[in-house]
Every structure is written in structure tokens, then in C-alpha cells.
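Open the model in your viewer and keep the selection panel at hand. The tour has two stops.

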Amino acid sequence: TAVSAAQAEELRMSSTAPETSPWGVWLAAAGERVAELTDGELTLNIFYGGQLGDEQATMNLLIRGRIDIAAVSTSAAGLVEPGLEAIHLPFAWSSDAEFDCAVDNHLMPMIGDILSSNNIVPIGSFEVPAFVLFSRQAIASPGDLVGQNWRAVPTRVSVGFLNALGAHGVPLGNADMVTSLQTGAFDGAETSGLYGIAIGLNQIAPHLLMTQQTRVVGLLMTPGAVWERLSEEHRAALTEAFNDVDSLRVNVRGVERSMIDTAAANGLTVVELNDTTWAEWQQAAADSYDTLLTEIGGRAREVWATVQEAQAACSN
């Protein structure tokens, strides 16, 4: 039976992911699932590829009630509570499995409590690749960054960590990141392997150190006012539709690995960390934690305490 206009509701969603990317495909499937579960009473109008702006702009649109669902990372959620950046402390997580366990069982409940206190409801999470280091010249140890200019992700943690290593970390957007490396003004950039190769960063910074130093959580969020007006059935449909996190994790990680391997076959030098070199980088990072937590501010130390509990619970 056709749903009447009075019964149907459309939610506007914004994502920076291209429609054909693993995230875009996943979001589209979730949208179809929502419509199926609600017999067409609830639908999603998804704006892909940053049509409505970058993550920070998307978060601001959500806060102002201009969109109904934002698909952004905890970097953007820091606009609501800066302390969430404590999740990003470099080399805090030793493996994908440890981080997945932490997100599912410890971090999402904490994030939900923090966002709910700011009248934002998290619907679910999604995979974001860990950050790595692309450089114009080969680097191996933390000391190699001393005196260099580096593109930092626009977060307190990224800038603070690079500065703590003796580099000059400058927060830049994606377009400026490419330009700064092309001109030779910068020596390297922190970003994900998948994104870096997708935009051709490996052509101008042909050395990739697989530090996987920073991990962030992808979040699907809606304003409390939107959540409150939805029926219990529609809330359940949204939650169920975005529940298949594991398949996206496998897909994103597989695509990233394939892209890195292909780039390596075409001239990109890829260096993996072993136990010894990982420990060296981790120690350099740990030395900066107290300073970084102070710079993050907000509820950072409270969030960090939950991170440490999650590490202990998920390390085995």
C-alpha cells in the first residue's frame, strides 16, 4: 500500500564519502534497509561526497538543525565535546582487533553519554582508516621528523603530536595538503593510506610509513529533537539498518590494503613497523600524552580513563 505524504518522513543525511566509495555503498544499503523496515514511512535523502561541506561544516549543520543525520568522525564531534579527541592519542591502540573491541564495547557507550548530554543522539558507528605518514624523503624513527614541516590533521592531537616530535605541525585541509607537498614547502603529511593514495599523494610523497598511529571513530548522529519525534519503530529501524559495522570494516580495510599494494608495485616505498620500531614510536608518543590531554581540554582526562579501561579489557 502506498504511504501517504502525511505519513512519510524523509531524513536528510550528509557524508563526505563519495557515493561509489565503500562508505557510500554502505550508506545507500542502509537507506534502502530503513525504507524496507518501515514500509516506506521513513526514508533517507543522502548527500554524498561533501556536497554540504567538510566534516566540520557537516557537524555545524547538524548542531543548527539544518540536517537530520551526520556521518562524521570523532574529529568533528570534538566541536561538541573536545575531550573526545583523547581517543585519538597516537599509538594508544596496538591492533585493529583491540580498537574494534574497544569501540563496540566501551567507547560507543561513553560517546553516547557525552553526546546525549549535548542533545545529540548517536545512531551507530562506522570504520575510519588509521592515520599513517606519507613523506617526500624516507623516515624511520621519530627523530627523523625533527625540524621538518608536516601537514597535520586539523585536530589538537595531530598538531600537538607532530610538534612533540620536533616537527612543525600545521593543520591543513585536504586541498592545501596536496599543494603544500607539491611545492616542496612541506616534508610530509599525516592522513590515511586509503585517502592519501586516492588523491595521488603517493606521487609527490613516495614514502609511506605504516605507523597507523591515530585511530578515530566514525559516528552517525542525529539531534535529540529529531530522535524524540521519531516513533519507537522508526528508531529501531535506523539502529538496525546501521548495525552491520563489521562488513564495512572488512571492506574498507581490504580496499585500503589493495590500494597500498598496487601503489607499492608502482613505486611507493612502504615500510611496516616491527615490534621494536613500534615500541620506539609508542614511547615517543606516550611522552606527549599529558601535554596533549591538557591541550585537548574539556572532558579529555575522563575520556582517556575510559580508553585505558578499554585497552585493558580488549588487549587479550
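Select Cys101 and Cys314: a disulfide joins them, with 2.1 Å from S to S. The term covers a pair of cysteine sulfur atoms within 2.5 Å. The structure holds one such link.

This is a predicted model, in which local features need pLDDT of at least 70, side-chain atom pairs count only at pLDDT 80 or more, and totals for chains, interfaces and linings use all residues. Residues are numbered from 1 along each chain as its sequence is written, and side-chain values use heavy atoms, with hydrogens and water left out.

Look along the S-S bond. The angle about it is -65°, and the link of Cys101 and Cys314 is left-handed. Now show the helices (DSSP runs of H or I, at least four residues; strands are runs of E, at least two; both numbered from the N terminus). Cys101 sits in α4 (residues 96–116) and Cys314 in α14 (residues 300–314), so the pair ties together parts 213 residues apart in sequence.

Color by relative accessible area: buried is under 20%, exposed over 50%, partly exposed in between (1.4 Å probe, protein chains only). Cys101 is partly exposed at 23%. Cys314 is buried at 7%.

Next, select helix α6, residues 174–182. Its buried residues are Met177, Val178, Ser180 and Leu181. They span an arc of only 165° around the axis, which puts them on the same side of α6. That arc is taken from the directions from the helix axis to the C-beta atoms. Turn to the face away from the buried side of α6: exposed Ala175 and Gln182 are there.

Finish at Gly184, which follows α6 and has a positive phi, near 85°.
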